[in-house]
Amino acid sequence: MTSIAFIGLGNMGGGMAANLAKAGHDVRAYDLSEAALDRARTAGCLAALSVEEAVAGAEAIVTMLPAGTHVDQVWRDQLIPLATPGTLLMDCSTIDVATARAVAEAAATRGLLAVDAPVSGGIAAANAGTLTFMVGGTDAAFARAEPILSAMGKSVIHAGAVGAGQAAKICNNMILGATMAATCEAFVLAEKLELDAGRFFDIASVSSGQSWSMTSYCPVPGVGPETPADRDYQGGFAAQLMLKDLKLAMDAADGAGAATPMGKRAAELYQRFVDDGNGTLDFSGLIRMLAKD
Ligand code: NAD
């Protein structure tokens with residue numbers, strides 16, 4: 001049993017903190033939202049009234065916050081000054097590589113261990129404890145993080161040094177955004193060519209057009225396994241979060257001088273989809289926009 005502070009109990013963090021408590025850890029949870037704190041209390045966490053209260057005596061701290069600015073502020077202004085040397089800090093939010101490295105370095109100067117550990121899998125996986133964690137940090141930090149993260153996920157992979165977890169996350173999601181866009185446009189073209197969507201799915205799923213977007217997350221209602229397409233694109237992975245991840249990938253590509261023309265085009269398409277008022281729809285709903293173009 002580890003004493004763990006958990007900061008950020010939103011759509012993802014709420015379920016993750018609950019799974020840590022279910023695994024027998026002593027979880028002291030904090031969020032700016034009262035409703036989120038109430039849910040955490042019901043799930044077996046101790047609802048802290050401040051970050052100070054959550055962090056006092058914690059052996060490990062998890063953050064699950066919206067974006068890099070929140071992580072930078074919470075780590076620098078609160079967690080790093082408050083945590084006892086030797087405490088392990090794990091940020092599971094999706095943020096830019098530069099901020100992940102900078103806050104981990106700031107933590108190291110105070111004798112704290114730090115990893116970036118972003119996740120693959122959405123709200124359902126966070127609730128079910130079946131997330132995939134991509135972890136950046138030293139071998140020593142990973143060794144301490146792994147058993148804690150395992151209580152919230154089905155796989156925990158050491159990606160490399162600090163920042164490598166975020167690098168893996170944005171590269172993975174750039175593939176996802178581009179393959180989903182390509183899968184959507186293939187179904188739109190197939191329909192215009194009078195090819196049955198179900199037949200095309202059966203063929204592409206066992207041919208070289210196969211990808212996770214095709215086989216496991218088909219954007220066409222009634223085709224393949226059940227997906228958000230069968231629920232009018234409600235739930236699932238919001239288009240605005242896909243756009244966020246594609247923007248992080250594009251900023252990283254600019255900074256690193258990497259050519260990412262497919263990622264760039266996918267970002268443009270998702271920007272238009274979100275600007276049209278579809279930000280909260282599942283990202284596979286892009287097929288509707290392409291079908292109308
Ligand atoms: P969310 O907005 O639902 O939750 C964020 C929580 O952080 C909120 O409850 C908010 O009140 C809290 N918060 C913000 N600032 C705070 C502060 N200073 N102190 C304490 N609490 C604070 O977001 P989410 O959907 O849970 O996503 C969290 C992270 O996970 C994001 O980086 C997102 O990109 C990533 N992610 C989300 C999904 C998904 O499907 N939702 C999937 C993978 C990764």
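A backbone N or O atom of Pro66 lies 3.0 Å from an oxygen atom of the ligand, a polar contact being a pair of N or O atoms within 3.5 Å. The protein covers 85% of the 840 Å² of accessible area that the ligand has on its own, with areas taken from the Shrake-Rupley method with a 1.4 Å probe. This is a predicted model in which local features need pLDDT of at least 70 and side-chain atom pairs count only at pLDDT 80 or more, while totals for chains, interfaces and linings use all residues. Residues are numbered from 1 along each chain as its sequence is written, and side-chain values use heavy atoms, with hydrogens and water left out.

**Ligand shell**

- The ligand is surrounded by 23 residues, of which the closest are Asn11, Met12, Asp31, Leu65 and Lys244; a residue counts as near if one of its heavy atoms lies within 4 Å.
- A polar backbone atom of Met12 is 2.8 Å from an oxygen atom of the ligand, and a polar backbone atom of Thr94 is 3.0 Å from an oxygen atom of the ligand.
- Because domain 1 (3-161) and domain 2 (167-292) both give residues to the shell, the ligand lies between them; the domain bounds come from an automatic or database domain assignment.
- At least two shell residues come from each of α4 (68-82) and α11 (239-256), where helices (H or I, at least four residues) and strands (E, at least two) are DSSP runs numbered from the N terminus.
- By class, the shell holds 12 nonpolar, eight polar and three charged residues, with Ala, Val, Leu, Ile, Met, Phe, Trp, Tyr, Cys and Pro counted as nonpolar, Asp, Glu, Lys and Arg as charged, and the others, Gly among them, as polar.

**Second largest pocket**

- The volume of the second largest pocket is about 160 Å³, a volume being the space filled by probe spheres set on grid points that are joined across faces, edges and corners.
- On a 1 Å grid over the protein atoms alone, a pocket is an open set of points with protein on both sides within 12 Å along at least five of seven lines, a cavity is a set where a 1.4 Å probe fits but cannot get out, and lining residues have an atom within 4 Å of a point.
- The lining of this pocket, which includes Val97, Cys171, Met174 and Thr260, takes at least two residues from each of α8 (164-192) and α11, and it divides into 10 nonpolar, one polar and no charged residues.

**Cavity**

- The count comes to one cavity of 30 Å³ or more, and the largest cavity has about 40 Å³ of space.
- Among the residues lining the largest cavity are Trp75, Asp91 and Asp116, and α5 gives the largest share, three residues.

Methods
A polar contact is a pair of N or O atoms within 3.5 Å; within protein, one must be able to donate a hydrogen and the other to accept it, and residues adjacent in sequence count only if both atoms are side-chain atoms.
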